[in-house]
Amino acid sequence: MVSCAIATCRNTSAKISKNKDGITFHRFPRDKERRRQWEVAVNREKEWSSTLSSAVCSEHFVAVDFYLTESGLRRLSMEAVPTINISPCQEPEPTITVTKPVDIKPTDTEEVIQLKHKVRRLEVIAESRKKRLNLMWQSKRRLKKKLERMACLIKNLIKIKKCIAENG
Ligand SMILES: [Zn+2]
């Protein structure tokens with residue numbers, strides 16, 4: 001059984017399931033430095049340290065921390081560090097699993113229900129990717145404008161310099 005390393009989180013692999021609840025468990029990184037980042041992030045007692053089986057559940061990562069493999073599996077990106085829903089002092093934040101409830105009909109088979117949950121998770125990830133992409137486009141546009149302004153400024157400075165050289 002895997003349990004979440006976040007002290008205030010009660011999620012265990014025995015209690016929740018990926019297909020039903022959409023919650024996944026993610027082991028601490030092997031890389032020493034990143035492992036240390038996670039250990040700090042989970043905010044446990046001083047004497048606590050992670051083991052090979054330590055994991056954090058998906059409720060503590062933001063949507064952009066996840067990516068999809070070509071086969072549609074949800075994976076955690078390399079830079080991801082648990083950041084949300086860690087301490088009771090933090091404002092609870094929505095997670096990838098807190099989404100619109102999936103529309104399940106009484107006639108749906110277990111397989112159909114699982115697929116519906118999967119589709120919903122993929123939708124959430126796609127949505128967050130789209131948002132990130134949009135932000136990148138926006139900042140690209142902003143930088144382009146800035147560049148144009150700078151070019152204009154430089155042109156003017158050159159003009160002024162010429163003026164000064166000619167008159168003085
Ligand atoms: Zn957890």
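At 24% relative accessibility, Lys-116 counts as partly exposed, where buried denotes under 20% relative accessible area, exposed over 50%, and partly exposed the range in between (1.4 Å probe, protein chains only). The structure is a predicted model, in which local features need pLDDT of at least 70, side-chain atom pairs count only at pLDDT 80 or more, and totals for chains, interfaces and linings use all residues. Residues are numbered from 1 along each chain as its sequence is written, and side-chain values use heavy atoms, with hydrogens and water left out.

Lys-116 pairs with Asp-108 in a salt bridge, with the closest N and O atoms 2.7 Å apart; a salt bridge is defined as a side-chain nitrogen of Lys or Arg within 4 Å of a carboxyl oxygen of Asp or Glu. Asp-108 is buried, at a relative accessible area of 17%. Three salt bridges are found in a search of the whole structure. Another links Glu-39 to Arg-36, at a closest N to O separation of 3.1 Å. Both Glu-39 and Arg-36 belong to helix α2 (residues 32-41) and are three residues apart, about one turn of the helix; helices (H or I, at least four residues) and strands (E, at least two) are DSSP runs numbered from the N terminus. Glu-39 is buried, with a relative accessible area of 16%. Glu-45 and Arg-44 also meet through their side chains in a salt bridge (3.0 Å, N to O). Glu-45 is partly exposed at 41% relative accessibility, and Arg-44 is partly exposed at 27%.

Pro-82 occupies the loop between β4 (74-76) and α3 (110-167). This proline is buried, its relative accessible area being 2%. Leaving aside residues up to four places away in sequence, Pro-82 touches Trp-38, Ala-41, Val-42, Val-56, His-60 and Phe-61, contact meaning heavy atoms within 4.5 Å. The C-alpha atoms of Pro-82 and Cys-57, which are 25 residues apart along the chain, are separated by 8.9 Å.

Buried residues in α3 include Ile-113, His-117, Arg-120 and Val-124. Leu-157, also found in helix α3, is exposed, with a relative accessible area of 52%.
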